[in-house]
Amino acid sequence: MNQTINAITVIGAGTMGRGIAYASCLAGYATKLYDVEDHILNKAIENIAGSFRKAVDKGILTPAGVDQAQALLQTTTDLDNAAQAADFVIEAIPEKIDLKIALFRQLDQIAPRHAIFATNTSSLSITEMAGATQRAPQVIGMHFFNPAPVMKLIEIIRGLETSEETIAATQEVAQLMQKETVVINESPGFITTRINAMIGNEAFYMLQEGVATAPEIDKALKLGLNHPMGPFELVDLVGLDVRLNILNFLHQTLGEKFRPCPLMVKYVKAGRLGRKVGKGVYNYS
Ligand code: CAA
Ligand code: NAD
């Protein structure tokens, strides 16, 4: 179904949804950002304003360009209002297949027939989400990276029935968002998550075994391997809950080598989910 994309709806205004909404309105799309509660949307708007300020400070955007982009962004807690005029929906709710399937089923009833559904899942099956809709050829993986305003790549993932038209439309959206893309066939964890989760999990095993402290392991990977952030700094940015959900799925699908480190499980049980709550491996208060 070849249709011009003017309106993008982002579902979920957490760590990723807010950054995706930023990229969407900056690309010139009329953008609706949906979440279940107003206070989350207010926090998201504050965070997006911060990204715009940073872009102006760095000379990437002009104040006029920011005004233009911000005028294209609306928030809502009403799913009908969010999706009924969408040409392209990007889902960024928690990494739980049951939640995503329920949402896709609901969206299928609300969104226009031509609308494409993209999921920002880090690891899960696009085909399984597509199966909850009557539009499987229009369902695709669109995996952004954190922080979404800055990171250059989007992994585009082809589900079993994703059409070439849907891939082309998604590439066009990514291009207008000024991102590079790789297109891959569905497989648990795609390219990046499969590797990144492995490194992050191994770092936790090393911490658990007492090989070194977290700052030492981070320093070694930054200065010895030129990673921009150490694995513990990164997991605090990503969210330990997000990483644990990913590892549980990779363990289930790809086997023993992805068994989540018990120490990480303990951190999640303690509520140490990372920067978003002020405490993860490190303390941010
Ligand atoms: N809009 C556009 N560009 C912006 C911007 C904005 N609002 N704010 C900053 N930038 C640009 C800057 O101009 C700068 O560009 P140059 O390098 O060309 O100068 C670049 O973004 C970096 O910005 P900063 O200087 O502010 O930040 P930094 O140098 O301290 O780097 C970082 C911060 C980009 C987060 C870096 O530490 C990094 O790359 N860390 C690793 C992040 C990572 O691995 N993310 C992936 C996580 S895994 C994931 O997301 C997938 C999953 O499913 C869990
Ligand atoms: P998050 O927990 O920060 O945000 C999720 C948001 O979804 C919350 O604001 C929550 O209120 C909202 N939500 C929950 N159920 C909802 C529903 N039914 N409808 C609408 N909103 C709902 O999570 P996140 O880190 O932004 O991750 C979102 C998705 O993006 C996950 O699939 C994750 O794997 C993926 N992802 C995360 C990162 C990362 O670094 N955090 C990077 C790339 C991809």
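The C-alpha centres of domain 1 and domain 2 lie 26 Å apart, in a protein that is divided into domain 1 (7-185) and domain 2 (192-277), with bounds that come from an automatic or database domain assignment. The contact between them, meaning heavy atoms within 4.5 Å, takes 14 residues from domain 1 and 9 residues from domain 2. This is a predicted model, in which local features need pLDDT of at least 70 and side-chain atom pairs count only at pLDDT 80 or more, while totals for chains, interfaces and linings use all residues. Residues are numbered from 1 along each chain as its sequence is written, chains are lettered from A and ligands numbered from 1 in the order in which they are written, and side-chain values use heavy atoms, with hydrogens and water left out.

The size of an interface is often given as the accessible area lost when the parts come together. Here domain 1 and domain 2 bury about 880 Å² between them, 55% of it on carbon and sulfur atoms; buried area is the accessible area, found with a 1.4 Å probe, that two parts lose on being put together, summed over both.

Ligand 1 lies between the two domains, because domain 1 (7-185) and domain 2 (192-277) both give residues to the shell around it. A residue counts as near a ligand if one of its heavy atoms lies within 4 Å of it, and of the 19 residues around ligand 1, Lys54, Ser122, His143, Asn146 and Val150 come nearest. By class, this shell around ligand 1 has 12 nonpolar, 5 polar and 2 charged residues, where Ala, Val, Leu, Ile, Met, Phe, Trp, Tyr, Cys and Pro count as nonpolar, Asp, Glu, Lys and Arg as charged, and the others, Gly among them, as polar. The helices α2 (38-57) and α10 (231-238) each supply at least two residues of the shell around ligand 1, and the largest share, 3 residues, comes from α2; helices (H or I, at least four residues) and strands (E, at least two) are DSSP runs, numbered from the N terminus.

Several N or O atoms of the protein approach ligand 1. A polar side-chain atom of Tyr22 lies 3.1 Å from a nitrogen atom of ligand 1, an N or O atom in the side chain of Lys54 is 3.1 Å from an oxygen atom of ligand 1, and a backbone N or O atom of Asn146 lies 2.8 Å from a nitrogen atom of ligand 1. The protein covers 62% of the 1,100 Å² of accessible area that ligand 1 has on its own, as given by the Shrake-Rupley method with a 1.4 Å probe.

Ligand 2 is surrounded by 23 residues, of which Asp35, Glu95, Lys100, Ser122 and Val238 are the closest, and its shell draws at least three residues from each of domain 1 and domain 2. The shell around ligand 2 divides into 11 nonpolar, 8 polar and 4 charged residues. A polar side-chain atom of Lys100 lies 2.8 Å from an oxygen atom of ligand 2, while side-chain N or O atoms of Asn120 and of Asn146 are each 3.0 Å from an oxygen atom of ligand 2. Taken alone, ligand 2 exposes 840 Å², and the protein buries 86% of that.

Two backbone features remain. The peptide bond from Asn146 to Pro147 is cis, with omega near 5°, and Pro147 sits in the loop between β6 (139-143) and β7 (153-158). Phe190, in the loop between β8 (180-185) and α8 (192-209), has phi near 55°, a positive value in a residue other than glycine.

Conventions:
Polar contact = N/O pair within 3.5 Å; in protein donor to acceptor, adjacent residues only side chain to side chain.
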